[in-house]
Amino acid sequence: MPGNFHEVRDPIHVFVRLDSEERRVLDSASFQRLRHIHQLALTYLVYPGATHKRFEHSLGVMELASRVFDVITHSESISDRIRSLLEPLVSSDKLRYWRRVLRMAALCHDVGHLPFSHAAEKELLPNGWDHEKLTRQVISSNAMKSIWNSITPPLRHVDIEKLAVGPKNATDLEFTDWETILAEIIGGDAFGVDRMDYLLRDSHHTGVAYGKFEHYRLIDTLRILPQSNESERLQEPALGVDEGGIHSAEALMLARYFMYSQVYFHPVRRIYDIHLMDFLKEWLDDSVFSTDLEGHLRMTDNEVSAALREAADAEDKAGHLHARRILGREHFKRLYEWNPDDVQLNPESGRAVFRALSERYDKDQIRHDRYRQGSGAPDFPIQMRDGRIVSSLDISKTLRTLPVVSVDRVFADRSIFDNAIKWVNENRDEIIAPEREEAGNG
Amino acid sequence: MDRLRNAALLTRLIEGLCRKGDWCGETHVQKTAFFVQELMGVPLGFQFILYKHGPFSFDLRDELTALRADGMLELEPRTYGAQLVPTKQCVYIQGLYPKTMAKYERSIGFVVEKLGGKRVVELERLGTAFFVSNRLEEGKPVYIRANKVTALKPHIPTEKARDAVREVDRIASAAVAQKQAAISSGEHGVVTSVRTEQQRQQ
């Protein structure tokens, strides 16, 4: 390899290659911190192999992002109509600029993660903060700006922020159609490479094969397409696939469904996350992590793990009980779970059970876990061999009927479990019946 | 507003759109819910940004998915995408909140009347025009707002953008007129949160 290129071996992508500017990002304190942030929080307590970190995932996302970029901007893949709508496609300088921005954004997209990744960040940060806001803070820091400014041409930090966190998490910024598509490459609902990499990587490390899918084929068939090629239908460009990629796209969506069901929402993994959140709330100053840049960079899984060990061993330490539940494997047991019959009566049946139990028992002995899938139906354009562009939901029954992941569970301390589950079973209908509003106008 | 109350209102909107038009997909719901919330003042609590085909709410997208998980909506195939079909479960949930339904019925009905049956490409233009008129270029003349629509969505021709801005102004005026009529007749439940072109000029 030439002197200004570097290679990192990777179990998923074999080699990830970086140039010297990307290497400077990799060597920065904010990126090196990701070596100490578990990708899947405490999942290793259930799947022992899941000890991989955000560091290698971020490298994988960069690798996949530029592969997608190269495929979708290839001149033979782009129609004249799309070329007329997306101005950077006709300028090789602009394409080079945006490819570099995309790779940097992909590399930095997770630098704002809290220790143990996603574990309850809403409750562990001050109001108005989330890990995406921390990510933007890191990208626009002086240390990182010195890297962006040293590149020829300099990279605008705002461009990197936009692509790293996407329109959903940068509502103060206006996105062009081009920027929206590039942000979709990283964090998109259908074909985001963040998801592609984590499914493949998490599958590899947990030993759960459901997460694997034909990503080489999928990426090769990605295209920028209008929603339709009929003038009186939607024309906005979006990421879609050639007809030959439909089955790979279906496999990706199925992989997501199975990994969510089998790994990410495994009940024991979830209750460990909840115990960890409880511990952190007691252990942290003011119950929240620091949003100050230096404080953020100092705090990793290592500091939290050391505190957990210390607290588990000493009754007078903050968070002792929660730490013992985690390290002593005394986690709460699943007492109630969402089921189709109860949902007919009350779609928020888990919350109702949680409230009823919280009134009957000590609140500290009951926990509620509610998660609803954060994405829509997988609707994207498909370019058929005969030139028509159709909706994925129009031609794929698999995508149309893909189950939605929904979690609504109540957990209870082992000391009250038998008694509590008996009480819930005896009074189930009464407990889950929703409150009715009194009739009346206005 | 709690989640089930919100679901009752949202599914009532979808029922109305299904009745008025020949189908109702997610894009129809995204654009019309924006009008229901921002023009009629119904507190659905969704955060909208300018994104796919105009105003778009990630919260609303997630909620539509959750309503499918809860059996309140089903996806059925269409020639261009999939339609959202309310199930019997919606009737039951709406029945839990008679007061809330009565309060916002007319506001939802107004949006269904004005926008139901429009194609998604029209809703994209109207939604974007309303977003620009209400948030980005409030009080500006038609041509400035139309130019902004085209700048944000280059696939929308300027002439179509101008037509959309004018139509949005007409809809906003009608919304104010409906509210005034409701107040005169002692009714409650119609709330508008937008200033019309006339009000801006005054």
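Student: Where do I start with chain A? How many helices and strands are there?

Tutor: Start with the element count. Chain A has 22 helices and 9 strands. Keep in mind that the model is predicted.

Student: What radius of gyration does chain A have, and what would a compact globule give?

Tutor: A compact globule of 442 residues would come near 22 Å. Chain A has 24 Å, which agrees. Its C-alpha atoms fill a box of roughly 70 × 50 × 50 Å along the principal axes.

Student: What share of chain A is buried?

Tutor: Buried residues are 46% of the 442. Then look at contact range. Of the contacts in chain A with a separation of 6 or more, 68% are between residues 24 or more positions apart.

Student: How is chain A divided into domains?

Tutor: Domain 1 of chain A covers 5–268, and domain 2 covers 332–442. Their centres, taken over C-alpha atoms, are separated by 29 Å. Domain 1 brings 23 residues to the contact and domain 2 brings 22.

Student: Which elements of domain 1 of chain A supply the side that touches domain 2?

Tutor: S3, S4 and helix H12 (246–264) of chain A each supply at least two residues. H12(A) gives the largest share, 7 residues.

Student: What is the strand order in the open sheet of chain A?

Tutor: Read a sheet across its strands. The order is S3-S4-S7-S8 in chain A, 4 strands with mixed pairing. Then find the edges. Strand S3 (222–226) and strand S8 (389–391) of chain A each pair on one side only.

Student: In what sense do S3(A) and S4(A) pair?

Tutor: Check direction and bridge count together. S3(A) and strand S4 (residues 237–242) of chain A are antiparallel, with 5 bridges. For one bridge, take Leu225(A): its partner in S4(A) is Ala238(A).

Student: Now strand S9 of chain A. How many of its residues are buried?

Tutor: Strand S9 (residues 406–412) of chain A is mostly covered, with 6 of its 7 residues buried. Look at its pairings next. Strand S5 (residues 333–337) of chain A joins S9(A) over 4 bridges in the antiparallel sense. Tyr336(A) has Val410(A) as its bridge partner in S9(A). Strand S6 (residues 366–372) of chain A also runs antiparallel to S9(A), over 7 bridges. Here the partner of Arg370(A) in S9(A) is Asp408(A).

Student: Which residues touch the most other members of the largest nonpolar core?

Tutor: Look for the members with the most core neighbours. This core has 70 residues. Ala65(A), Leu102(A), Ala105(A), Cys108(A), Ile160(A) and Ile186(A) touch the most other members. Domain 1 (5–268) and domain 2 (332–442) of chain A both contribute residues, so the core lies between them.

Student: Take Leu102(A). Which residues is it in contact with, leaving aside neighbours within four places in sequence?

Tutor: With those neighbours set aside, Leu102(A) is in contact with Ala65(A), Ser66(A), Phe69(A), Leu163(A), Leu182(A) and Ile185(A). A second, separate core has 62 residues, including Phe56(B), Leu60(B), Val112(B) and Ala129(B).

Student: What share of chain B is buried?

Tutor: Buried residues are 51% of the 202. For contact range, take pairs at least 6 apart in sequence: 63% of those contacts in chain B join residues at least 24 apart.

How values were computed: Residues numbered from 1 in each chain as written. Chains lettered and ligands numbered in written order. Predicted model: local features only at pLDDT ≥ 70, side-chain atom pairs only at ≥ 80, totals over all residues. Pairing = 2+ DSSP bridges. Buried ≥ 20, exposed ≤ 12 C-beta atoms within 10 Å, placed from the backbone. Contact = placed C-beta atoms within 7 Å. Core = buried A, V, L, I, M, F, W, Y, C linked by C-beta atoms within 7 Å. Domains from an automatic or database assignment. Rg over C-alpha atoms; globule rule 2.2 N^0.38 Å.
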